[in-house]
Amino acid sequence: MSLPNHAPISELYVSYDSAQKLKIEAGNLPSWDLTPRQICDLELLMNGGFHPLKGFMSQADYDSVVDRMRLADGTLFPIPITLDVSEAFADKVEPGQDIALRDQEGVILAILSISDKWVPNKAVEAEKVFGADDIAHPAVNYLHHTAGKVYLGGPITGIQPPVHYDFKARRDTPNELRALFRKLGWRKIVAFQTRNPLHRAHQELTFRAAREAEANLLIHPVVGMTKPGDVDHFTRVRCYEAVLDKYPAQTTALSLLNLAMRMAGPREAVWHGIIRRNHGCTHMIVGRDHAGPGKNSQGKDFYDPYAAQELFRAHQAEIGIEMVDFKHMVYVQEKAQYYPANEIPEGSTVLDISGTELRRRLREGLEIPEWFSFPEVVAELRKTSPARSKQGFTVFFTGLSGSGKSTIANALMVKLMEMGGRPVTLLDGDVVRKHLSSELGFSREHRDINIRRIGYVASEITKNGGIAICAPIAPYAATRRAVREMIEAFGAFVEVHVATRIEECERRDRKGLYKLAREGKIKEFTGISDPYEAPEAPELRVDTENVDVDHCAHQVLLKLEQMGLIRA
């Protein structure tokens, strides 16, 4: 293994003077407002983190990467980096044209010279890159339900990096890290990739990895997009900073990586290796089930736990970085220290706390022992994970028109207000349409927009510790899942399927809507001319036929109590 090349890596930025001229010229170009994921990708393209890429991949590079983990010229690169756009935007642009790429505030970050425009086969991309076309995988779900239908490729001219207002001193480009290592005289650097807070087992693991590689340590957490439900990066960075002084002075650095993870397991491990090589590292810790997304639709792990290590090992010479394989660390009570799982002394008592158990203890305000985590880390986690009965949450009713959603939602709101403690907001479908979505019709696209708006408002209420009660029809499973992910970033999402039969809903119909729909006078009516996709696994299913509203609302209260969200 050669020692790191501390020479600067090529970036895609033009000079300051050229950038000022280009900004003015780019103002007249068609422009695309980048998504958060695209901003992460663009930043690492421009600063050399994705070297040797010179822009978003051409169709030839994309096809080759999907098929064999290599660019068209044979260079190893396992993850497709493409600019996905809407069909409407794609119709306005053609190869040979330049477009301005803007952040969400409208600031021009770069110019893309379009070389290719194509409609990808997303099922094939999912199968080959992620191992299965299964929307239980967050990146596959993103691919099918969030990403645009058309891909653009072509070289990038970088004008300015995205602005970050948080942890500025901790954010380093590949060249800034290479210069730091050169200044410190570090010749061997082992990178620790993480998207979780650091606990004592991680510290012991990183100590051992640095010792084994005779290297200095770079703690290099991802602060771009990770897996839905992960601890937010603000909390995680405060946790990293809290434990930094537990490491020997002058041996360890902390730097933040604005990467949008794909959770692609083995391919992602190789990708992480290439990115760390570009940042000047010589070694990288590859964990058990590295970048694994959890369970698939059949309840099995997406990837074999050691597949990432095997793929990395097979390509490490080409990546240009050596793997230090992760040893799962467990606490041995009698020795009062951590051991790799395969080196536990015989007859020892092994203590371990899983991620699920840790979340339970935080949620219920239970003790977290010092052998497991540092008090400073626990204190930070408790700030953002109060006991569940003090967190915000959303109750999301879904069901056919006339099923009784709004009636139960109103009864639940009154009961929760009677209990007190947290503000309660009812986002009823009809009321939201009047105040937030009055310009929308009832096409599938417009109904999706309406539900996402409701989800956004509910997520803000949840984030700020309130209770949101939503009662739209919400007929489409993919949209409900998107809303769930939006809300679960901040608190619990409780889906209640009001499963009243359509015959009963028609019988109750005071406005005569079902009759008009059956006569063809109302188009795209859920349950008649448009489908209702019933939830497969809601937190609760209720049927209002021959049951009074009070009983149904009480069932919801009992479910909330069982989940620890309220205390009777």
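User: Which residues touch the most other members in the largest nonpolar core?
Analyst: F50, I81, L83, I99 and L101, out of 72 residues in that core. A nonpolar core here is a set of buried Ala, Val, Leu, Ile, Met, Phe, Trp, Tyr and Cys residues joined through side-chain atoms within 4.5 Å. Buried means under 20% relative accessible area, with exposed over 50% and partly exposed in between (1.4 Å probe, protein chains only). This is a predicted model, so local features need pLDDT of at least 70 and side-chain atom pairs count only at pLDDT 80 or more, while totals for chains, interfaces and linings use all residues. Residues are numbered from 1 along each chain as its sequence is written, and side-chain values use heavy atoms, with hydrogens and water left out.

User: What is L83 in contact with?
Analyst: Leaving aside neighbours within four places in sequence, L83 contacts W32, L34, Q38, F56, I99, L101, L112, V150, Y151 and L152. Contact means heavy atoms within 4.5 Å.

User: Which ones are buried, and what do they pack against?
Analyst: The buried set is P138, A139, V140, N141, Y142 and L143. They pack against α2 (36–46), α5 (122–130), β7 (150–158) and α17 (477–488).

User: How many cavities of 30 Å³ or more?
Analyst: One. On a 1 Å grid over the protein atoms alone, a cavity is a set of points where a 1.4 Å probe fits but cannot get out; a pocket is an open set with protein on both sides within 12 Å along at least five of seven lines; lining residues have an atom within 4 Å of a point.

User: What's the volume of the largest cavity, and what lines it?
Analyst: About 160 Å³. Volume is the space filled by probe spheres set on the grid points, which are joined across faces, edges and corners. The largest cavity has 15 lining residues, with R37, P80, T82, E125 and R262 nearest its centre. Elements giving two or more residues to that lining are α2, α5 and α6.

User: And the second largest pocket?
Analyst: Its volume is about 930 Å³. Of its 32 lining residues, S401, G402, D430, I473 and K511 are the closest to the centre. Two or more lining residues come from each of α14 (405–419), α15 (429–435), α16 (444–463), α18 (502–508) and α19 (513–518).

User: Switching to loops. Where is E545, and is it buried or exposed?
Analyst: E545 is in the loop between β20 (540–542) and α20 (549–562). It counts as buried, at 19% relative accessibility. Beyond neighbours within four places in sequence, E545 contacts R501, E504 and R508.

User: What about S389: where is it, and what does it touch?
Analyst: S389 is in the loop between α13 (375–384) and β16 (393–398). It is buried, with a relative accessible area of 15%. Not counting residues up to four places away in sequence, S389 touches R422, G564, L565 and R567.

User: Last one. Where does G292 sit?
Analyst: In the loop between β11 (283–286) and α11 (307–319). G292 counts as buried, at 11% relative accessibility. Leaving aside neighbours within four places in sequence, G292 contacts R195, M263 and Y303.

How values were computed:
Helix = DSSP H or I, 4+ residues; strand = E, 2+ residues; numbered from the N terminus.
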